[in-house]
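Trainee: Before the discussion begins, may the sequence and the structure be shown?

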Amino acid sequence: MRWIPFIASLPIIFLLGADSPSETRNPDIEMLQFRSQITSNTEPINASLQGADQYEVAWRLQDSSPQKLFIANDSTAYYQSDDQWQSVLPSGERLQVKPSTKLPDAAKPSISLNLIATERSLALLEHQKERWTYSLPESNQIRPNTLQYDAAEHIYFQDNNGSWYSLDRNGKERYKLLLQAPDSQLMCKAAPSGDAFCTSPSLGILAVREKINAPRLIIDGKERFFPQRPEIMNNRTFVPLRSIFEAMNTKVVWNQDTQTVTAIKGNRTISLTRDSEKALLNGKKIQLDAPPILYQGSMYVPLRFVGEALGASVIWENATRTIQIIS
């Protein structure tokens with residue numbers, strides 16, 4: 001059993017404690033205890049995370065009145081607290097939003113799965129045939145208005161107790177955050193990146209995320225999170241071209257026939273072709289240290305090329321596995 005308290009002097013709440021050596025632990029299930037923020041309730045909030053070998057409650061922040069939670073396209077969470085908007089990065093860093101700041105639009109899924117939700121089951125239909133069905137125990141019910149997707153077509157929903165579920169596109173469980181006592185005010189939202197944010201007056205705001213070792217990406221001082229993460233392949237760091245270029249106000253066009261991507265920013269025009277070590281910068285050939293590759297449906301390029309193409313400074317911090325891009 002792990003106890004997750006609030007620490008007044010720190011904005012991020014870490015997992016503390018250790019399991020008794022005498023306990024027989026299932027590595028796939030993490031037993032959690034949360035200290036309630038409601039002062040009149042001294043009983044801890046018990047929960048379990050099933051799928052804990054691959055997923056974790058990464059952090060928890062204190063807030064006794066979170067409302068109107070939504071997620072932006074860059075996977076930043078926004079919510080209202082005491083009539084003031086707050087933003088939280090997937091890393092757990094909380095930033096106050098200035099009253100004059102225009103809030104971004106909520107992320108909208110680019111996919112549309114033909115899901116049929118009943119009281120206790122969820123089914124995916126393809127070509128008018130049922131591909132799979134996922135069912136809950138008799139004591140639980142699906143809340144259809146909580147049904148969501150991320151950019152990788154993972155499926156999310158809550159049950160009548162407030163517990164939070166994630167399935168893959170084949171209807172297999174990825175993880176479940178199960179509450180032992182109902183919390184009707186718990187609201188959870190999935191980010192395009194697959195990170196999930198949950199808020200309620202008793203729990204504050206917490207994040208469930210996949211345990212990964214991908215490098216961090218910071219653009220102009222702000223950590224960015226995209227559905228396609230930087231990857232280290234063949235001892236080189238590759239980054240998703242479209243996500244990074246568009247984050248730096250660059251127009252990106254993909255030609256499916258030639259497998260070529262063209263990026264335009266100001267007076268710079270860059271063209272790259274899949275698996276080719278040659279690129280064009282304003283019509284001039286430049287040599288890449290590795291060819292662009294198509295990985296998980298996105299074009300990935302060597303990190304060094306980002307600086308050459310956009311005239312940006314690119315720094316790789318090996319100790320912290322962090323990519324710094326400064327335009």
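**Lysine 68, the overall fold and selected residues**

Mentor: Lysine 68 lies in strand β5 (residues 66-71). This is a predicted model with residues numbered from 1 along each chain. Local features need pLDDT of at least 70, side-chain atom pairs count only at pLDDT 80 or more, totals use all residues, and side-chain values use heavy atoms without hydrogens and water.

Trainee: What is the phi of lysine 68?

Mentor: Most residues other than glycine have a negative phi. Lysine 68 is not a glycine, yet its phi is positive, at about 55°.

Trainee: How many helices and strands does the protein have?

Mentor: Helices (H or I, at least four residues) and strands (E, at least two) are DSSP runs, numbered from the N terminus. By that rule the secondary structure comes to 2 helices and 31 strands.

Trainee: What radius of gyration does the protein have?

Mentor: The radius is taken over C-alpha atoms, and the globule rule is 2.2 Å times the number of residues to the power 0.38. For 327 residues a compact globule would have a value near 20 Å, which agrees with the 22 Å of the protein.

Trainee: Which element has the highest mean pLDDT?

Mentor: pLDDT is the predictor's confidence in each residue, from 0 to 100. Its mean over the protein is 85, and 91% of the residues reach 70 or more. Over residues 5-22, however, pLDDT stays under 50. Among the elements, strand β1 (residues 2-4) has the lowest mean, 56, while the highest, 98, belongs to strand β14 (residues 164-167).

Trainee: Is isoleucine 270 buried or exposed?

Mentor: Isoleucine 270 has its place in strand β25 (residues 268-273). Buried means under 20% relative accessible area, exposed over 50%, and partly exposed in between (1.4 Å probe, protein chains only). Because its relative accessibility is 0%, isoleucine 270 counts as buried.

Trainee: Which residues of helix α2 are buried?

Mentor: Helix α2 (residues 303-310) is mostly covered, with 6 of its 8 residues buried. Contact means heavy atoms within 4.5 Å, and isoleucine 270 touches residues including Phe305, Ala309 and Leu310. The buried residues of α2 are Leu303, Phe305, Val306, Gly307, Ala309 and Leu310.

Trainee: How far apart in space are isoleucine 270 and leucine 280?

Mentor: Leucine 280 is among the residues that isoleucine 270 touches. The two are 10 residues apart in sequence, and their C-alpha to C-alpha distance is 5.5 Å.

Trainee: Where is histidine 127, and is it buried or exposed?

Mentor: Histidine 127 is found in the loop between β10 (121-126) and β11 (129-135). Its phi is positive, near 55°, in a residue other than glycine. Because its relative accessibility is 76%, histidine 127 counts as exposed.

Trainee: What distance separates the C-alpha atoms of arginine 120 and asparagine 140?

Mentor: Arginine 120 has its place in the loop between β9 (115-117) and β10, and with a relative accessible area of 31% it is partly exposed. Not counting residues up to four places away in sequence, arginine 120 touches Tyr134, Ser135, Leu136, Pro137, Glu138, Asn140 and Ile142. Arginine 120 and asparagine 140 are 20 residues apart along the chain, and their C-alpha atoms are separated by 6.8 Å.
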